[in-house]
Amino acid sequence: VVEHISAARGIINFKVNRNSPNIAKKFHAGHLRSTIIGNFIANLKQSLGNDVIRMNYLGDWGMQFGLLGAGFGQFGSPEKLKQNPLQHLFEVYVRVNKEAENNEDMKQAARDFFRQLEQHESHVVSLWQQFRDITVKEYQDIYERLGVHFDVYSGESFHQDQAQEVVQQLQSRGLLKTSEKGTGVVDLSPNRDMTNVCTVLRSDGTTLYITRDIAAAINRKEKYSFDEMIYVTDKSQENHFSQLFQILLAMGHSWADGCRHVSFGLVQGMKTRAGEVVFLEDVLDEARARMLNNMSQSNTTKELENPEDTAEKVGISALIIQDFKGPLQSDYKFNWDRMLQAQGDTGVFLQYTHARLCRSTGYLSFAFDPSLLSEQTCTAILQHLLRYDEVLYQSAQDLQPKHLVNFLLKLCHLIASAHRELPVKGSPEAVAQVQRKQKVLISGVQR
């Protein structure tokens, strides 16, 4: 959990490991927010005309793979690896960690394995690559269920050699200092009195997350020549990215002003019926199962060719909408029942409204003529639709999905009012007129 601890001038500093998916570990529910928020930002930027590169940066390097490699040699099973790859790697990782707590031989075996990995010994690299491929394959299945895709799967391993070059560059610029403990640090304190330092090199000469992040940022600028680079992680990493951007600027990389960290709070109470330890796959399965049960209990559910597929899509959209309604920085309490309600500001209500519009008329092809819409209900919808550009602009400024989500939920409520107040049945003298108005209204909303 804790990557690095240091003490100076009566202050204890500790750095929490980054919340990025790690290879050989199942996709935890805690990774949900970074995935869907990043996807929202990518979609938003793309809709505004930007060229977007969607990159997944995996935690695929470090001493944990020394442990996993050593553990797999002792506890691993090729047969189990074929049957349920990532679950087996997870079980091996848990077991070897427990074993290493009181077994110095196991700790040494882990160090030896990782040293061999850093030295690129072929049999060790081959095993590590197998672990990585297994992980990416399973992650891709999860991403597909969430409607997420990535253009690039990157990771710390891509920048291990470049990180040493970063150390040399810091040294040549006079930015690298040596602490009392022999670690390499960059002094970020305003008065250069070492009250705020960032450790970039361990005493044994190996690099850290921050060093590899510096190398990765420089590499991406050289490769993609980006105007803006957006990192999406939880708010515990705010100091990490503040230091990253400061170091890049100190190294003379003025483009670091175009780097941005979008942070978010924690989800509290997310668990399935099965227990406390939650993998995202289990959460998605439970969202589908609960939604399927709700559909079977409802009198308004139509006959469906594939009810499980519908339950999957509606359940996952409900999960996303619950996450996106509030400010990203805020923690929120996860609630299955509230999330899957058909009424209220939920993803289920949003999907129901969209389906009702499509069922009423399909996607209409005739010209939209707002002059036919004189009722207050119609005017309210048209006025609300006029806010769309403003909402997009607001979202683009602070990269918060709440603006767009709340705009859509408000639109759903206005449409529900229109359905009540512009009925076709019971209006024999004006049936054609009302039908026309409804079709014009729906045509405008769908566009």
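A nonpolar core is taken here as a set of buried Ala, Val, Leu, Ile, Met, Phe, Trp, Tyr and Cys residues joined through side-chain atoms within 4.5 Å, where buried means under 20% relative accessible area with a 1.4 Å probe, protein chains only. The model is predicted, and local features need pLDDT of at least 70, side-chain atom pairs count only at pLDDT 80 or more, and totals for chains, interfaces and linings use all residues. Residues are numbered from 1 along each chain as its sequence is written, and side-chain values use heavy atoms, without hydrogens and water.

The largest nonpolar core holds 68 residues, of which Ile-37, Leu-146, Leu-280 and Leu-319 touch the most other members. Helix 6 (residues 122-146) gives the most to this core, with ten residues; helices are DSSP runs (H or I, at least four residues) numbered from the N terminus. Beyond neighbours within four places in sequence, Leu-146 is in contact (heavy atoms within 4.5 Å) with Leu-32, Thr-35, Ile-36, Leu-280, Leu-284, Ile-316 and Ile-320. A second, separate core of 28 residues includes Val-167, Leu-188, Ala-215 and Phe-241.

Helix 7 (residues 160-172) packs on helix 8 (residues 209-224) at about 95°, with the axes 8 Å apart; axes are lines fitted to C-alpha atoms over the stretch in contact, and angles run from 0 to 180 degrees between N-to-C directions. Helix 7 is therefore roughly perpendicular to helix 8 (65 to 115 degrees). Among the residues making this contact are Val-166 and Val-167 of helix 7 and Ile-214, Ala-215 and Ile-218 of helix 8.

Definitions and conventions. Helices (H or I, at least four residues) and strands (E, at least two) are DSSP runs, numbered from the N terminus. Angles under 35 degrees count as roughly parallel, over 145 as roughly antiparallel, 65 to 115 as roughly perpendicular and the rest as oblique. Buried means under 20% relative accessible area, exposed over 50%, partly exposed in between (1.4 Å probe, protein chains only).
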